[in-house]
Amino acid sequence: MTGRNSSVDAVAAYLGGFGVRSRPLREIISLLTRASQPIEALIVATATPRRAVEDLLRNLGEDLTEDSGRFRIRPDMSAEYRAFFGLDDIDPGPGPDPGPGPGAGAGAVLEGPSGAAPIEALAALIAAAPAPRRDLDHVAATAQTLARRVNWLSSTYDLAERRVLFVGDHDLTSIALARACPRTEITVVDIDERTLAYIDETARAENLAIRTLFGDLRFTLPAAARDWADLALTDPPYTPDGVGLFLGRGLSGLRDRTNGVVVVAYGHSRLHPMLGFQVQQSMQQFGVVFETILPAFNRYDGAQAVGSASDLYVCAPTTRTWKVLDRLAESFGTRIYTHGRQSVESAARIDVGTATTVIGEATAAGAPEARGGDAVPAAPVPAVPAVPAAGAGTRRLGLRALFTGSDYLRDLRPDAEVAVDLTADPGPLLLRGLLAVTAARARFVVPADHPDVSTRDARDQLAALLEPKYRLTFRPAPPADPGAARSVAVHAELVELEGGSPAGFAAGGGFVARWLLERAHGRIGNVLREGVIRAAAGEGRTVSKNEARALVRALIIEPGQDDPRLGGGQDVLELTAMEVPRAALERLLTAVRDERGAGVPSPGAPSSTAGRT
């Protein structure tokens with residue numbers, strides 16, 4: 001008991017057991033503070049099972065009055081209940097209208113920072129976003145759809161002090177929800193670095209509680225998002241494997257296995273009901289219940305094959321879900337899209353999910369290469385050194401091993417060479433592979449139009465980002481088959497420490513950055529702390545763990561941004577480099593490397609780069 005009425009505490013504890021689903025019970029409390037109600041009316045008005053209503057009335061104890069089968073909270077206690085349970089924003093009554101427009105009260109809730117009308121603000125948000133990527137099945141939802149989603153979510157679930165996970169969010173619903181529900185923590189996982197950067201920039205500018213994580217959901221859900229959310233939302237690729245995979249990742253992200261739900265946007269052409277049946281089968285193998293299916297709830301600028309619309313599925317897990325989830329979540333293929341190299345019907349030779357990673361003893365460096373930002377030669381050049389043959393000292397791994405932190409990768413021999421086929425890379429996997437692998441030599445083969453190699457500027461930027469760890473060179477790779485698309489081999493040679501010591505390398509600008517880049521699967525706060533200690537030791541100084549931790553915080557955490565809900569530096573310290581979006585990683589490395597060129601500020605000295613991440 002905390003000084004409040006004991007019945008208030010009992011009711012609060014009872015509602016707590018319903019998680020995000022407690023809103024109908026709050027609506028009942030609101031009704032009971034206004035007038036006497038028969039139990040039947042409470043059930044009908046809120047669509048709540050009778051047993052739950054009876055249990056709530058029982059917990060109200062002496063604060064509840066009854067007269068001829070009608071119940072009411074005592075008038076002298078009504079104000080306390082309304083204040084404690086935040087009932088002024090509750091509008092009890094039938095469920096929200098899922099029609100084409102936002103609710104009547106949406107204007108004040110969804111108004112953007114510019115003061116524009118809600119739909120206009122959301123339309124401006126969408127218009128300024130990165131262009132949709134066809135190979136990732138991006139189709140922008142309309143501003144009206146974003147408003148409708150937020151209204152429906154906030155009027156159906158209790159989101160205050162709850163966590164919502166977006167399994168992909170090119171639609172930018174996360175920003176609309178954060179504007180409307182500032183007390184809700186939000187995490188967005190996406191493979192598109194441009195989308196992550198745009199959401200992050202907007203969240204930082206508006207002080208929204210949104211955290212962004214990089215993740216290729218075909219391989220895994222980032223560890224920081226697992227068992228984290230009370231509710232997950234996804235608008236996945238509209239293929240059986242795409243919808244099933246994203247639903248599985250959403251389920252893996254739930255921390256509340258009793259009340260948590262995954263909301264899925266999916267639509268199929270009414271001319272092809274069999275496809276809809278296959279997708280629904282893919283979803284139901286997880287043992288979920290379709291609690292609600294709201295037809296044509298989502299509208300899009302495009303996707304005309306499905307009528308520019310999709311339904312909204314509310315998927316609730318059952319006890320079967322948790323028995324089959326881990327097995328099923330890893331059973332889907334990686335060709336989950338409807339367009340591009342990773343589409344279901346793609347003729348691409350390599351499937352990103354197959355065993356395309358080969359690790360063996362280092363081989364000869366081969367012929368001269370195009371270095372740094374030099375243009376990739378168009379003329380034929382000597383072949384890339386052959387992939388080590390399977391046998392002693394060689395192992396083949398699936399790409400999932402790169403992105404989930406395989407023990408084998410962490411224990412590579414100093415002379416190891418890694419060869420990776422990324423000819424089906426949708427774009428971001430080259431950088432992630434270079435982060436994941438620390439080997440004497442690594443070779444990644446990517447399509448010639450890959451965004452990190454297709455222009456001199458792109459190659460320069462990638463080389464500069466990895467400079468403390470790898471020296472990168474680029475050259476054409478011989479085609480595997482006649483008529484195959486052109487590819488580029490990216491060679492990564494491990495940079496040697498000058499004189500073999502941290503001190504020698506730090507003088508060149510980046511031992512701590514190198515330390516981080518070599519430990520991409522470790523928690524950033526812990527990795528940087530240890531790097532600072534070792535770099536200082538190389539300079540003949542001793543820095544304690546507490547001093548190193550304080551130095552790292554001074555470098556990374558922005559003033560006023562130490563609340564982890566706001567996506568500030570404190571949150572970055574809890575992540576791994578593999579999970580951090582590229583733009584945030586670039587800011588982090590810049591902050592570390594700019595500090596005296598070595599990433600090691602003197603103990604007690606103020607940081608000149610604080611706030612860069």
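On one side of helix 17, the residues Arg456, Asp457 and Gln461 are exposed, where exposed means over 50% relative accessible area, buried means under 20%, and partly exposed lies in between (1.4 Å probe, protein chains only). Helices (H or I, at least four residues) and strands (E, at least two) are DSSP runs, numbered from the N terminus. This is a predicted model, in which local features need pLDDT of at least 70 and side-chain atom pairs count only at pLDDT 80 or more, while totals for chains, interfaces and linings use all residues. Residues are numbered from 1 along each chain as its sequence is written, and side-chain values use heavy atoms, with hydrogens and water left out.

Helix 17 covers residues 456–466, and its buried residues are Ala458, Arg459, Leu462, Ala463, Leu465 and Leu466. Seen down the helix axis, these buried residues fall within an arc of 160°, so they line one face of helix 17; the arc is that of the directions from the helix axis to the C-beta atoms. An α-helix has 3.6 residues a turn, so residues three or four places apart point the same way. The buried residues of helix 17 pack against helix 16 (429–436), strand 16 (470–477), helix 19 (511–517) and helix 23 (582–594).

From helix 20, the contact is made by Leu528, Arg529, Val532 and Ile533, and from helix 21 by Lys545, Ala548, Arg549, Leu551, Val552 and Ile556, where contact means heavy atoms within 4.5 Å.

Elsewhere, helix 9 (residues 173–180) is mostly covered, since eight of its eight residues are buried; among them are Thr173, Ser174 and Arg179. Ser252 belongs to helix 11 (residues 240–252) and is buried, with a relative accessible area of 15%. Leaving aside residues up to four places away in sequence, Ser252 touches Leu221, Arg226, Asp227 and Leu325.

Finally, the confidence of the model deserves a look. The protein averages a pLDDT of 79, and 73% of the residues score at least 70, pLDDT being the predictor's confidence in each residue, from 0 to 100. Over residues 563–569 the pLDDT stays under 50, and the model has 20 contacts for them beyond four places in sequence.
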